[in-house]
Amino acid sequence: MSQDIPTLYEWAGGSEALNRLTQTFYDKVAQDPIVGPVFKTMSPDHPAHVAAFIGEVFGGPKTYSEQFGGHREMVMHHLGKHLTEEQRRRWINLLADAADAVGLPDDPEFRSAFMGYVEWGSRLAKMNSNLGETCDPETEPMPAWGWGVPGGPYRVPDAK
C-alpha cells in the first residue's frame, strides 16, 4: 500500500483512542451478566494490554509483541475458557457499543475493517478457548489487519 494511506491504527486515533475504547469496553464487560464472569479476575492493566494488541494488529507499534508475548500469548490467555457463542456475540456487541461511545471513526470503510477483525478475532478466541492444548509459536504470528486487499471490496476513505 502507498505510504500516504493511513493505517487502521492511525485512522482510529492511535493509542489514546484505543485505550479509551478498551477502558470503556471493559467497564461495560464488568457489568454484563453474560461476559462479565469470564473477566471477573481481570487485572487492572488488561484494557491497556488489549489496546496494545489491537493497535499492533491495526498497524501501530509492536508493543504487545515486544512487551506481552505477541499473538501466541493472546491465544494462551483464551485456552480453557470454554467461551460460548452467546458470550462471543455479546463481546462483539459491547465492543461495537464502546466504539460508538468513544467516538471511533464511523465511516463505513473503517467500521467494516474494524468489525471484520472483531468478528474474525472473536471466532478465533472462541475456537482457541475450547482447545485443551497449547499453540505452537511458529503457527501463531501476529495478525496484520488493514483496509483490505488492493482491488478488494474495501476502499480507503477520503482523508480527514
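## Confidence of the model

The protein has a mean pLDDT of 85, and 84% of its residues reach 70 or more, pLDDT being the predictor's confidence in each residue on a scale from 0 to 100. Over residues 149-154 the pLDDT falls below 50, and beyond near neighbours in sequence this stretch has 3 contacts in the model, a contact meaning heavy atoms within 4.5 Å. Where pLDDT is low, the predicted coordinates should not be read in detail.

This is a predicted model, in which local features need pLDDT of at least 70 and side-chain atom pairs count only at pLDDT 80 or more, while totals for chains, interfaces and linings use all residues. Residues are numbered from 1 along each chain as its sequence is written, and side-chain values use heavy atoms, with hydrogens and water left out.

## The largest pocket

The largest pocket holds about 830 Å³ of space. A pocket here is an open set of points on a 1 Å grid over the protein atoms alone, where a 1.4 Å probe fits, with protein on both sides within 12 Å along at least five of seven lines; lining residues have an atom within 4 Å of a point. The volume is the space filled by probe spheres set on the points, which are joined across faces, edges and corners.

Of the 38 lining residues, Tyr26, Phe39, His46, Met74 and His78 are the closest to the centre of this pocket. H7 gives the largest share of the lining, 10 residues.

## His82

His82 lies in the loop between helix H5 (70-78) and helix H6 (85-101), and has a positive phi of about 50° although it is not a glycine.

Terms used
Helices (H or I, at least four residues) and strands (E, at least two) are DSSP runs, numbered from the N terminus.
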